[in-house]
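Hello,

Here is the structure I promised to pass on. My notes on it follow below, and I would be glad to hear your thoughts.

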Amino acid sequence: MKVALFATCLVDTVQPQVAMATARLLQRLGHEVVVPRDQACCGQMHVNTGYRREAVGIVANHVRAFAGAEAIVAPSGSCVASIHHQQADVARRAGDEELARAAEELAGRTYELSQFLVDVLGVTDVGAYYPHRVTYHPTCHSLRLLEVGDRPYQLLRAVRGLELVELPGAEQCCGFGGTFAVKNADTSTAMLTDKMANVLSTHAEVCTAGDASCLLHIGGGLSRLRAGTRTVHLAEILASTEEAVTPDQQTAPSVPA
Amino acid sequence: MTATVPPKAPTFLGLPTAPRGVGHLRGDQSFPDAARGALRDGQLRANLGHATSTIRGKRARVVAEVPDWEQLRAAGKALKAATMARLDEHLEELERQVTARGGVVHWARDANEANEIVTRLVLATGAPEVVKVKSMATQEIGLNEALEAAGLDVFETDLAELIVQLGEDKPSHILVPAIHKNRAEIREIFARTIPGVDPGLTDDPRRLAMAARQHLRERFLRARVAVSGANFGVAETGTLTVVESEGNGRMCLTLPETLITVMGIEKVVPTWRDLEVFLQLLPRSSTGERMNPYTSTWAGVTPGDGPQEFHLVLLDNGRTAVLADEVGREALHCIRCSACLNVCPVYERAGGHSYGSVYPGPIGAILSPQLTGVEDNASLPYASSLCGACFEVCPVAIDIPSILVHLRAEHVEAQQKPTAEGVAFKALARAMSHPRLWHLAQRAAGLGRLLSRGRPTLPNVLPPPVSGWTRSRDLPTPPRKTFVEQWTEEHGR
């Protein structure tokens, strides 16, 4: 299948290794990956901060950039949820019915990575190797808006060498929330503190999730604490094999399980 | 009345909203400022964490045992939507039925009018005091303060509401107004404020309840006037309903000679049968019980049985303005169960007082700004990480996250002068709409790596608004090349 990769603005700009891992994974599974050069953002940050009028142009750019794609995959539950639940509304409210229809049509072919792998490609064992102790944080929009359910767990359980440990209080929000993390920095940090306590209680080497944004927040907090636990996107774990480990890291577990 | 007349009455969608200077819908501080203080209170965090997780668990257990919960939810939502679509007709029917059964109906445009009506009615009875059933509507309009200003004594009879009143505190939760206090703190309040209380009072819940019971019993028996709210008002029969756990409501609704009920206009339901749905949804969502211990219903007056004078005050106070908003009007479907508060990670940490309104938590963050006009509560729609836990538990399926996002836009679009944030977001939107500009913006962001001087993270001290992030979280050093650049170099177009 020919898959168009939507990196998302955040991953493209500050976490390129997540998109690269997504592309490598899809290629390894035998699919052709294309990366439309004109892609930018889904518009979610603008919409969720109150700038829905300004988001119309962003949605229009997204629809132009991906026009004609057979399937679109993004390594983010949150951005895909915005494409599914917000883009058409934003266009329609601005009176652009044509754009709304185009966005809806495109949303029908847009998938979050774990949904694409399990539902569209029908694979749970992607042939990955990742010899680490890992805990999974189900991000709110993947969990409640996209309802990805246990798909990420199915994928992680099939990874060779990976020890999956349950995260206590997994379904509680980590406190990222987009601009909430800055506008309500104190409350966001209080939520993060509890999430980090739960992550650290698992003694996992790695905390993973399907959203680079939440991981930037959790990982930023863990890094500030000089905690040994790092955050790694689900795509990076699934892209890892005995031959090619991403990102740059040792294949041997740093902490014996 | 001591209310100051505002220079310009607040409006929402051109309709009058809850007036300023009266009632409890607006805080003195923005949410982030109020939360900053609350978050430092370790005892508060512990009390709230314990209480909300207990009630969350109870709710989850009793909801899980109802096989048709989703259908019930859908029915609740549909009933509310249908009622709101013909609210005027149902309210007029309610007035006709209450009047036919010997009650008197009063219409109050706002908090000031409602307070004036109730004060006048109480003064006319000649009674020096009133007993009160827990009611959000009367908290919203500041009725206690109005009655006290007229020289009347007001006694709250709900245990948690009594704790708040005796402690000269404010409610912090819709169902459990004293949720922010633990047993030891409650013992201290009772020992200090209840006349003639046993000096050996301990923090044993039973002893505390008995002390309150003794204090209240005397007041029930001598009360001549009671004021209540209403959970539901049935239009076809003129029946008012109060659901409660303690029996204090039943006392107030049956013993006094005069009963005055203040009901928000959105509490009307068309038919008696509609209660079938709501009386299943409410207790399980609210207290986590299969059924609430007391459900009182009454219509007008019954000679020789219960109050012989009954007044119903129908309160607008901004509700019509909420109804005018096609997206936001769903907030009026709320049946005040408080399930959304109990699951909200923001409420659990910041506490109810941070919201500045008697309606805290997720529902408060969408209801208060609409009742007052968004600009009077502009920080509340932003007091959420949009995690969606509230929508998931709401018994009438109010899409709270979507309404929060909608109100954020209403706030942004209400700005007359350009704000720094607005300018930045507009510039960013322009860049994100034009690939060439976007690539330039990304290159500029990438230059941030120079600040790191080769380290993997950016410096901790950065100017606002980035400081909001970097005070508690590291930011990784931006990469030399974006993903799209890397890919294009590898693969061409």
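The contact between the chains takes 51 residues from chain A and 51 residues from chain B, where two residues touch if their C-beta atoms, placed from the backbone, lie within 7 Å. On the chain A side, helices H1 (9-14), H2 (16-28), H3 (44-49), H4 (52-66), H9 (140-145), H11 (180-183), H12 (185-201) and H13 (212-224) each supply at least two residues. H4(A) gives the most, with seven residues. Helices (H or I, at least four residues) and strands (E, at least two) are DSSP runs, numbered from the N terminus. By type, the residues on this side of chain A divide into 25 nonpolar, 17 polar and nine charged; Ala, Val, Leu, Ile, Met, Phe, Trp, Tyr, Cys and Pro count as nonpolar, Asp, Glu, Lys and Arg as charged, and the others, including Gly, as polar.

A word on the source: this is a predicted model, with local features needing pLDDT of at least 70 and side-chain atom pairs counting only at pLDDT 80 or more, while totals for chains, interfaces and linings use all residues. Residues are numbered from 1 along each chain as its sequence is written, and chains are lettered from A and ligands numbered from 1 in the order in which they are written.

Chain B also holds an open sheet of four strands in the order E10-E7-E8-E11, with mixed pairing; strands pair if DSSP finds at least two bridges between them. Strands E10 (268-269) and E11 (294-299) of chain B stand at the edges with a single partner strand each, so one side of each has no neighbour in the sheet. Six bridges join E8(B) (residues 239-244) to E11(B), and the two run antiparallel. There, B:Leu240 is opposite B:Trp298 of E11(B).

Best wishes
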